[in-house]
Amino acid sequence: MSDIPVIDPTMTPAWDTLDQLADNFDPDLRKLFADDPTRTQTFTFDAADLHVDLSKNLVCPTLVGHLLALAEQTGVLELRDRMYAGEHINVTEDRAVLHTALRRPATDSLTVDGQDAIADVHEVLEQVYAFARRVRSGEWVGITGKPVKTVVNVGIGGSDLGPVMAYEALKPFVQEGLECRFISNIDPTDAGETTKDLDPETTLVIVASKTFTTLETITNAKVVRAWLLDALRERGIVSDEASEKEAIAKHFVAVSTALDKVAEFGIDPANAFGFWSWVGGRYSVDSAVGTSLAVAIGPEGFADFLAGFNAMDRHFAEAAPEKNVPLLMGLLNVWYSNFLGADTHAVLPYSQYLHRFPAYLQQLTMESNGKSVRRDGSPVTYETGEVFWGEPGTNGQHAFYQLIHQGTRMVPADFIAFANPTWALGDGDADMHELFLSNFFAQTKALAFGKTSEEVRAEGTPEAIVSARVFTGNRPTTSIMAPSLTPSVLGQLIALYEHITFVEGAVWGIDSFDQWGVELGKVLAKQILPAIEGSSEALDAQDQSTRALIEYYRANRTK
Ligand code: F6P
């Protein structure tokens, strides 16, 4: 059993103090700002290239002191150091948690389980970079000698969400003439729609799966393999086992920790990029799982991406607690969810390029911190793991912001924006970025300071609708800005949220790095399949609701 102490946070003096403070907590951001002209300065921090303003949160310096005491009393920073050192802090799987090793420079070394993890990381990175260069230069050709135009990543969860999010975010950095597509869902529509207009001769498939056993990914990989071979057969390009083998070798590569299973699937292990059990799926976009991205933005871009992660890792490791942005943001989340009753947390990027960022964060945060027992198996008696969600602004403004502004629930929100657009603005849209960012600034201002009934009346509003037009304000937000959305800045942003997630899990004493909760559904799906396919025995074994639903399905399925 692990020697990492497990502390019940509710037993700490700091929890007690925070509990008492929360009892009659009645924050007034207008007053807090009026009383302290240096508030913004006090609560604004630079972490690598990220400029983070926490001043519109419902805190004062004394309260932050209590939150830092909570971190100290629950051993957050000790656990951070154990994580960075490669100790097995993922106790239920008895594994090290070393995504931070994926982005350390080659000059570093770190022995994990008797092996230099950093040397291993750089060996694989060199393979990925060499492969990316061959694809980008046109040296890697398909079975008919044509260069690759489309890379299709087949994966799910961490083997999909990170690559697709980062590819979308970094589109302006993608080499012209190359595109990436992503297949994840076992809904046949996904593979069908993604491949329907593709030329197999110029398509390269990356099958990404840490375990190489995930049903969705293996099924989709088989479907795509069949699509490719059928199409090549129809064109008379493949005709026998040898030419099929050649086609797979030239059009399929894999990313996995299970290279034996890659070979079983028929992909040459020489065309496979490995990683290690100490990289969690949701923390793996910066490993070989990011191969599609490395091809798209090139080795230099990918190296910048990794350098961005590393800059934030160093900030988290080295910045003093009172200036440590991931630590402070994680603690604020604990304050809102455990003491002020917030259930959800919105992430609202003012960048269309980040449109998949909230979805990516959902796996990162919710698969990590949706736990009900601590690392020693004892049940928690407090909330863990907020529901993360979001959409890019300004779209969200015209959809769900109403609830954030005037609803009865507190929804802490992170607003993210960039001073410079990465999209090359044309003459006609030169001032659009100003228009766009004026919304970013306006929203956090409205949420913090609201609009009083006096102000509403002063506008001549009829008395009957004054209350409907009042904004209470005091709705907490964090503003994160950076000069522009580069590969490095994206790496910094991802690492920021990885560490925020870590801090919350560490306070709660849970294992943020396992995901047993996804297992039961997988097992039951396997048991249910025969019932759907017609076995009356399997159907009878179901509970009455599931049985009735399957019967409905079978009665209504017409094709
Ligand atoms: O959803 C469970 C999970 O294990 C995730 O943690 C992981 O990212 C995903 O499935 C895909 O797993 P793999 O990369 O092994 O195919």
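Is Asn474 buried, partly exposed or exposed? Asn474 is partly exposed, with a relative accessible area of 22%. Here buried means under 20% relative accessible area, exposed over 50%, and partly exposed in between, with a 1.4 Å probe and protein chains only. The model is predicted, so local features need pLDDT of at least 70, side-chain atom pairs count only at pLDDT 80 or more, and totals for chains, interfaces and linings use all residues. Residues are numbered from 1 along each chain as its sequence is written, and side-chain values use heavy atoms, with hydrogens and water left out.

Asn474 sits in the loop between helix H17 (453–458) and strand E13 (477–482). Helices (H or I, at least four residues) and strands (E, at least two) are DSSP runs, numbered from the N terminus. Asn474 is not a glycine, yet its phi is positive, at about 60°. Asp94 also has a positive phi, near 50°, and is a residue other than glycine. Asp94 belongs to the loop between H5 and E3. Asp94 is exposed, with a relative accessible area of 53%.

Asn90 lies in the loop between helix H5 (76–85) and strand E3 (111–112). Asn90 is buried, at a relative accessible area of 2%. Its side chain makes a polar contact with the side chain of Glu93 (2.7 Å). A polar contact is a pair of N or O atoms within 3.5 Å; within protein, one must be able to donate a hydrogen and the other to accept it, and residues adjacent in sequence count only if both atoms are side-chain atoms. Leaving aside residues up to four places away in sequence, Asn90 touches Arg95, Val97, Asp511, Phe513 and Asp514. Contact means heavy atoms within 4.5 Å.

Five strands form an open sheet in the order E6-E5-E7-E8-E9, with parallel pairing. Two strands pair if DSSP finds at least two bridges between them. Strand E6 (179–183) and strand E9 (272–274) are the edges, each pairing on one side only. From one strand to the next, the twist averages 20°.

Strand E7 (residues 203–208) is joined to strand E8 (residues 252–256) by four bridges, and the two run parallel. Val205 has Phe252 as its bridge partner in E8. Ala208 stands opposite Val255 in E8. Five bridges join E5 to E7, again in parallel. Val154 stands opposite Val207 in E7. In a regular strand the side chains alternate between the two faces of the sheet. Both faces of E7 are covered: Thr203, Val205 and Val207 are buried on one side, and Leu204, Ile206 and Ala208 on the other.

Helix H6 (residues 117–137) lies across E7, E8 and E9 and runs at about 150° to E9. Helix H9 (residues 215–234) also packs on the sheet, touching strand E5 (150–154), E6, E7 and E8. The direction of H9 makes about 160° with that of E7. Axes are lines fitted to C-alpha atoms, for helices over the stretch in contact, and angles run from 0 to 180 degrees between N-to-C directions.

The axes of H5 and helix H18 (residues 487–508) come within 9 Å and cross at roughly 125°. Val76, Leu79, Arg80, Met83 and Tyr84 in H5 meet His499, Phe502, Val503, Ala506 and Val507 in H18.

The peptide bond from Gly393 to Thr394 is cis, with omega near 10°. Thr394 lies in the loop between strand E11 (387–389) and helix H15 (401–406).
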